[in-house]
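Student: I am new to this structure. Could you take me through one part of it closely?

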Amino acid sequence: MEEYIELLNERLKKFSPYVLGGVVGSIVHRLREKGMSLGYFIASMFVSMFVSLCVGIICKDYFEIKQDTVIYVLTGISGVFSKDLLDEIQEIIKELSTIFKNKFGK
């Protein structure tokens, strides 16, 4: 059991700056949007945290960016634009779905 707690603690130390970048990004997004309700802000904060965590992991492991400060900036920016990023990804998936349906005749 102690091994799991230690592993969880290690993961939290490793990835918490990325999540924090998402929180800061969502706060900046809230400042930009004047009519955002509290419920929408909390929902966008969780989306921002998830997107910034994904961006941080991709930058560190896939692109092998060594400077942590660059990764923190990218996670903050992704937190600000996370809703827009997810909307674009959703549109791409819808278009791919339409292409596959037409190609396979479903």
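Student: To what number does the count of salt bridges come? After that, please look closely at helix α4.

Tutor: This is a predicted model. The count comes to 1 salt bridge. D68 and K60 form that pair, and their closest N and O atoms are 3.5 Å apart. Side chains of opposite charge can pair when their charged atoms come close. D68 is partly exposed, because its relative accessibility is 32%. K60 is partly exposed too, because its relative accessible area is 30%.

Now to helix α4. The helix covers residues 82–104. Its 23 residues reach 32 Å from the first C-alpha to the last. That is close to the 33 Å expected at 1.5 Å a residue. Just after α4 comes G105, with a positive phi of about 70 degrees.

Next, the surface. E88 lies in α4. This residue counts as exposed because its relative accessibility is 52%, and exposed means over 50%. E88 belongs to a negative surface patch, together with E33, D84, E91 and E95.

I99 is also found in α4. At 51% relative accessibility, I99 is over the 50% cut-off, so I99 counts as exposed as well. The patch around I99 is nonpolar: I92, L96, F100 and F104 are its other members. Together the five have about 530 Å² of accessible area.

An α-helix has 3.6 residues a turn, so residues three or four places apart point the same way.

Key: Residues numbered from 1 in each chain as written. Predicted model: local features only at pLDDT ≥ 70, side-chain atom pairs only at ≥ 80, totals over all residues. Heavy atoms only, no water. Patch = residues over 30% accessible without salt bridge, like charges linked within 9 Å, V, L, I, M, F, W, Y side chains within 5 Å. Areas by Shrake-Rupley, 256 points an atom, 1.4 Å probe, with all protein chains shown as cover. Salt bridge = Lys/Arg side-chain N within 4 Å of Asp/Glu carboxyl O. Lys, Arg positive; Asp, Glu negative; His and termini not counted. Charge placed at Lys NZ, Arg CZ, Asp CG, Glu CD. Helix = DSSP H or I, 4+ residues; strand = E, 2+ residues; numbered from the N terminus. Buried < 20%, exposed > 50% of the residue type's maximum accessible area, 1.4 Å probe, protein only. Expected span 1.5 Å × (residues − 1).
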